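This report covers a chain as a whole and then a few local features. The structure comes first.

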Amino acid sequence: MTMPEDFAEIGTGGEVGYDNAADTPVEKVIERAPSQTPEAVQADGMGCHAPAEKMEAAARAAGNGEILDQFAKDYPRGPHDKPESMCPAFGSLRVGLRMRRVATVLSGSACCVYGLTFVSHFYGARRSVGYVPFNSESLVTGKLFEDIRDGVHELADPERYDAIVVTNLCVPTASGVPLRLLPKAINGVRIIGIDVPGFGIPTHAEAKDVLAGAMLNYARQEIMAGPVPAPVAGRSDRPSVALLGEMFPADPMMIGAMLAPMGLAAGPVVPCREWRELYAALDCGAVAAIHPFYAASVREFEAAGRPIVGSAPVGVDGTHDWLAAIGDVFNVAPAQIAAAQNAFVPAVRGALAKAPITGRITLSGYEGSELLVARLLIESGADVAYVGTACAASRWSAADRDWLEARGVVVKFRASLADDLAAADGLDPDLVIGTTPVVQHAKQRGTPALYFTNLISARPLMGPAGAGSLGEVVNAAIAGKARMDKMRDFFEGVGEGDTAGIWEGSPNLRPDFREQHQKKLDKAAKAAKAQEMI
């Protein structure tokens, strides 16, 4: 076995150079950022609720056009404006909060910071989120940037942190707060400044890539400058495959087992959990784009000369083809590739046979692994009629898309809520897998439904372990059709929308009030349009 022909050197000395810092223990701490009393603001009427096109125009006028152009290239939008999803900044915030010895600071409207902090703790964050409050005056005069700079200096304690991530939300991005002017490091603590505006990044899944790519870029520059600290666990004695995209904890171990017969090892998962893992990820021989939308991260790996392999070892066909593709990149002998395939493909086939799935399914989500899950469901015997993902198409998802479409599946990238609801209504599925509003809609109709994020993506998908992971939960949900019908019939007639609930008399709907209010909104919209033309 040899390294890939295009395995380029990082820096001037060949592979990644490490110093002896691997012997230094990594402290696990629960950070506590100074408490703040935020003040909700609107700068010149440009609050976080302003129309996306106005926010984008303001950002370009403030000098952030290049950032928005890169976002548009990395995360192209679909035929509609933007998928319905939570604030994209939650994705990058969650990546930072999961990393050891990394502090996170938000710069944005107080309402946004409150919401993001609440959601991050709801999902298990065990540390505080820093916040730099501002008002219209500090935003317009540039004092906000000075406050951010002062706050970062105060927070930069090398005994506690390896890095500090500062994130501009919508209003500071639209106002041109220049995080790029922050020091690159303070007292040895790295400073990472990123813009994550809701009007520039379509989904929170892609916002994870914004921070992951920024960190990889910083780490790559460090590697080029000289030796860097080695991973705590030491450097692998085998060429490694970095894994791109968050996944169930058991999946990297399963992938490592499948790579072993070819003399390869599974490298770190990006986004990483500590800074040193970034060096080890860049020290890989190839990158597996398990989640295919990590455009900024792919750009950094390609700049380091690392080849990218799409798809994943999911199901019989996926496992067979992925192992062949990885082996080809590393110039592994055909006999070794065949040994890996013969060791795991029959095991995958056997696991699928033990957990068959029968029924028609529509599937949608915003995690980026929707196509992989669909492949696994189909090989389990399910009739998957529709797959919708909020993420954009890329060359790394092409193989999965082609595989699905060859089996008659409708694949929709940048799928909107309307797309997913139409599929759930029109394709008569036995089970709907989707986001919260899609699941709610299906259950109201009496159709069994499962929430993709908590019940599907939170399971192993790779290799033999993933092959049998979905059957039990999917079959149990489909078998609950009679119970769903009973609940629907029980609540029949309670009303919906304005008429929901129990009424002593008829609901007083007053459509005339609603009509008057709509006229006011239409008038205001026309006035705003006329002002734009002036």
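Buried means under 20% relative accessible area, exposed over 50%, and partly exposed in between (1.4 Å probe, protein chains only). Strands (E, at least two residues) and helices (H or I, at least four) are DSSP runs, numbered from the N terminus.

E12 pairs with strand E11 (residues 383-389) in the parallel sense over four bridges; pairing requires at least two DSSP bridges between the strands. Phenylalanine 413 in E12 is the bridge partner of threonine 389.

## Basis of the model

This is a predicted model, in which local features need pLDDT of at least 70, side-chain atom pairs count only at pLDDT 80 or more, and totals for chains, interfaces and linings use all residues. Residues are numbered from 1 along each chain as its sequence is written, and side-chain values use heavy atoms, with hydrogens and water left out.

## The chain overall

The chain has 22 helices and 14 strands. Of its 534 residues, 51% are buried.

## An aromatic pair

Four aromatic pairs are found in the whole structure (ring centres of Phe, Tyr or Trp, its six-membered ring, within 6.5 Å; planes under 30 degrees apart are stacked, over 60 edge-to-face, the rest tilted). One of them, tyrosine 218 with tryptophan 275, is edge-to-face, at 5.7 Å centre to centre and 85° between the planes. Tyrosine 218 lies in helix H8 (residues 204-225) and tryptophan 275 in the loop between strand E7 (265-270) and helix H10 (276-282), so the pair links parts 57 residues apart in sequence. Both residues are buried.
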